[in-house]
Amino acid sequence: MADQLRPESLKWVLTHVLRFGDTDIFPVPFEYKAIEHSWDSLQDELTSIDLSTYEPRSLRRFLVPKPGGGFRVAIQLDPLDTFLYTAMIYEAAELIEKQRVPPDRKIACSYRIDIDANGQFFRTQNGWPDFHEHSTLLAESGKYNYVLTADIADFYNQISHHRVRNALEIAGVSSVRAKNVEDFLMNLTALQSRGIPVGPSASILLSEACLSDVDTFLLRKGYVYTRYSDDFRIFCTDRCETYRALHDLSDYLYTAHRLTLQSSKTRPVPIGEFIETELLDPEKLEAQGKTEKLNELVSILQVHIAETYSSFAGEVSIEEIMDSLPEEQLRGNVLILL
C-alpha cells in the first residue's frame, strides 16, 4: 500500500513556510510564493506521491560560521522536498511530544510542540528561559556542590537514521512511515546512515525524538538534571558523582546512539563557579549591552553640548546637536544599539 501525506498536512506546511520560512538560517526562497499561487494543482501532485518510492531532489549545502569559530554545515532542501519532509514530521509531531518528558518538569526544555492553524510548530519561547530558570533554581537550592556540563559532539550530523526510525516507532508512528523517514534522510546524505538537515524545523523535532530515550535513561539512574537540545546540566552532590554521571552518560550515548561528548564543553564545575560563569542569560546580556551603549551615547552628547554650546544663550534643539556630531561617531553607536 502506498504511503501518502494528508492534504491538510501539506496545506499546514504551506502556512508554516510562508510564516516562518523553510529554515531558521536562510532567507525564504521566492519559489514558495509561486507554490502558493499554484497551490490547488500542486497539492494534488504532492498528495499523490508514494513516500515508499520517492527520492529527494538535489539540495543546497552551505558552511555557516559558528559564533565561537569554525563552521557548521547547513542544508536548504528543494522546496518540494521541504513540503514532504516537514509534512511527514508534522503528522508525527503529537506522538513525539507525548513520548517526551512532560514540559512542566523542565528537564527536556527545548522546543516543546504547540501546533496551531497559523503554521506554528513550537511554543513561542524556544525553551531557553525554562532551561535557564531551572538551572538557576537547582544551582541556588543549596543541595548540590557540582554541575556536570556536557554537550554532544557534532550532534545533528551524527544522528543515526536508524535511531530516528526507532524513536519514531517507539513514539507510535507506523513502521512504514518511520522507515520512509529513514530512507528520505538516507537519500539526503548520499546513502550515508548519519545526519539530519540543519535548519528545518522538522529536524529539531527529530533530534528531540532521538534524545527522548537518553532522558529516560538519566531519570531511571536517578540523576537531577536539565537539558536544552544536546546541552546537559547534571547537578551532583560531590565531584565523585559528576564522574559517575559522565561515565553513565558517555556509555549510554555511545552504546545506544554511537554519539560522543564534546570534550571542550564537558566538565565538572563547582557550583560557585557555575553560578558565576554559566548562569548568564544571553537576552539579559544583550539588553545590558544595549543599555550601556545608550548611556555611552548620552554621555557623548552631554560632553558635546558642554563643549560646543556652553556659551550659547538661546535654546538648542536635539536635532541641531545630533547634526553637529561627527557622522562616523554617531553612526557607530547607533548601529551597535540596533
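Modeller: In this predicted model, the second largest pocket holds about 320 Å³ of space. Its lining is made up of 17 residues, and those that lie nearest the centre are F20, Y111, F122, S201 and I204. Two helices, α1 (7-20) and α9, each supply at least two residues of that lining, which by class divides into 5 nonpolar, 9 polar and 3 charged residues.

Helix α9, which spans 201-220, also supplies at least two residues to the lining of the largest pocket, as do, among others, strands β2 (71-76), β3 (146-151) and β5 (231-236) and helix α12 (282-309). The volume of this largest pocket is about 1,600 Å³, and of the 42 residues that line it, R72, D151, Y228, D230 and K265 lie nearest its centre. Sorted by class, the lining of the largest pocket has 17 nonpolar, 12 polar and 13 charged residues.

Turning to the charged pairs, the structure has a count of 18 salt bridges. One of these joins K106 to E133, with the closest N and O atoms 2.7 Å apart; because K106 lies in the loop between α4 (79-99) and α5 (128-139) while E133 belongs to helix α5, the pair ties together parts that are 27 residues apart in sequence. Both partners are partly exposed, K106 with a relative accessible area of 21% and E133 with 45%.

A further salt bridge is formed by the side chains of E182 and R165, at 3.1 Å from N to O. Here E182 sits in helix α8 (residues 175-188) and R165 in helix α7 (residues 161-171), so this pair links parts that are 17 residues apart in sequence. E182 is buried, with a relative accessible area of 9%, whereas R165, at 22% relative accessibility, counts as partly exposed.

The side chains of R6 and E8 also meet in a salt bridge, at 3.4 Å from N to O, and in this case R6 is partly exposed at 40% relative accessibility, as is E8 at 49%. Beyond these pairs, E97, R100, R112, E208, D215 and R227 are linked in a network of salt bridges.

As for the cysteines, the structure holds 0 disulfides. C109 is buried, with a relative accessible area of 4%, and C210 is likewise buried, with a relative accessible area of 4%.

Terms used
Residues numbered from 1 in each chain as written. Predicted model: local features only at pLDDT ≥ 70, side-chain atom pairs only at ≥ 80, totals over all residues. Heavy atoms only, no water. 1 Å grid on protein atoms, 1.4 Å probe; cavity = no way out; pocket = protein on both sides within 12 Å on 5 of 7 lines; lining within 4 Å. Points joined across faces, edges and corners; volume = space filled by probe spheres on them. Helix = DSSP H or I, 4+ residues; strand = E, 2+ residues; numbered from the N terminus. Nonpolar A, V, L, I, M, F, W, Y, C, P; charged D, E, K, R; others polar. Disulfide = S-S within 2.5 Å. Buried < 20%, exposed > 50% of the residue type's maximum accessible area, 1.4 Å probe, protein only. Salt bridge = Lys/Arg side-chain N within 4 Å of Asp/Glu carboxyl O.
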